[in-house]
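Please open the structure in your viewer and keep the selection tool at hand. This tour moves from one selection to the next and says what is found at each stop.

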Amino acid sequence: MKKLHSLALEQKEDAKHGEAFFPVQKYITRLTPDYPVVTTHWHEEAELTMITKGSCLYQIDLVDYEVKEGDILFVPPLFLHSISLGTGEEVLSETYVFHLNYLGGNSTDICSTRYLVPMMNQEFSMPCLITPEHPAYASLRKVFCQIGSLYDEAVVGYELVIKALLLQAVFLLLQYSEKTTSPDTGTPSDKLKNVLDYIELHYPEPIPISALAKLCYFSDYHFMRFFKKHMNMTCVEYINNLRLEKAVELFEQGNTSILDVSLSVGFHNLSYFHRAFRKKYHMTPLSFIKELGK
């Protein structure tokens with residue numbers, strides 16, 4: 001996650017959300033035609049989100065949800081999810097990312113063993129989209145608004161009440177959950193996670209499509225169709241996008257050699273790096289570095 005309170009565009013988030021003893025973090029996400037996508041990612045924490053303006057497409061565990069202002073979304077731990085703008089001009093959402101251990105997921109009481117641990121192990125099928133027509137909506141929206149007020153005001157003891165409210169949100173969602181069978185590690189979601197993990201580890205190197213296809217036991221042709229279907233972009237576009245985001249991180253950390261940054265993130269043709277950077281960020285790398293220095 002970036003220190004700016006907006007959702008990061010990496011596909012797997014290893015950064016902590018909130019403090020070690022208070023693993024809850026609020027994020028405001030804004031999508032516009034210039035930045036229309038939060039790319040597919042996942043993390044150990046759960047997410048509770050409300051769309052506060054506009055409409056967009058959420059994809060959670062490879063299932064598409066058309067959402068609009070006022071809708072509430074729940075993303076269970078370890079679920080792939082992404083957001084895309086669609087045809088609107090702007091989308092705003094407010095999200096609370098929290099670890100189930102904060103709610104007692106790592107304890108040995110009945111709440112943990114009967115509910116929280118099974119949630120983390122994906123033994124419950126939880127509702128991901130709660131619209132105003134859903135029977136839990138009114139109660140869940142009230143809980144969400146209370147969390148927002150307490151988080152912003154940070155009065156003495158607010159952590160206690162936020163913990164209680166998050167537990168209440170889980171309770172409300174559990175009323176509409178179903179028991180599932182043991183997770184299948186060969187699902188499309190798991191195959192995609194393996195591919196994204198591999199790309200995250202090897203993005204500075206040349207990544208042949210054949211190596212990614214082997215991870216899924218697909219032919220190259222089948223893999224490319226599979227990737228584009230679920231990621232809404234080609235594999236090459238995704239890898240270049242990730243490399244550009246890593247380049248931005250290096251510039252933000254004070255690296256000013258455009259050639260060194262280009263090479264370190266996997267672009268071995270400097271002119272191609274310039275073109276790709278300008279297309280994505282609407283400025284040259286040099287202009288970006290100058291903007292950082294202001």
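A surface patch here is made of residues with over 30% relative accessible area and no salt bridge, where like charges are joined within 9 Å and nonpolar side chains (Val, Leu, Ile, Met, Phe, Trp, Tyr) within 5 Å. Accessible areas come from the Shrake-Rupley method with a 1.4 Å probe, and for residues only the protein chains shown count as cover; a salt bridge is a side-chain nitrogen of Lys or Arg within 4 Å of a carboxyl oxygen of Asp or Glu. This is a predicted model, in which local features need pLDDT of at least 70 and side-chain atom pairs count only at pLDDT 80 or more, while totals for chains, interfaces and linings use all residues. Residues are numbered from 1 along each chain as its sequence is written, and side-chain values use heavy atoms, with hydrogens and water left out.

Select Leu259, Leu263 and Leu270, which form a nonpolar surface patch with about 230 Å² of accessible area together.

Next, select strand S3 (residues 46-53) and strand S8 (residues 91-98), which pair in the antiparallel sense over seven bridges; strands (E, at least two residues) are DSSP runs, numbered from the N terminus, and two of them pair if DSSP finds at least two bridges between them. Within this pair, Thr49 stands opposite Thr95 in S8.

Which residue of S6 is the bridge partner of Thr49? Select Leu73, which is that partner, and then Leu129 in S10, which stands opposite Leu73. S3 and S6 run antiparallel and are joined by four bridges, whereas two bridges join S6 to S10, also antiparallel.
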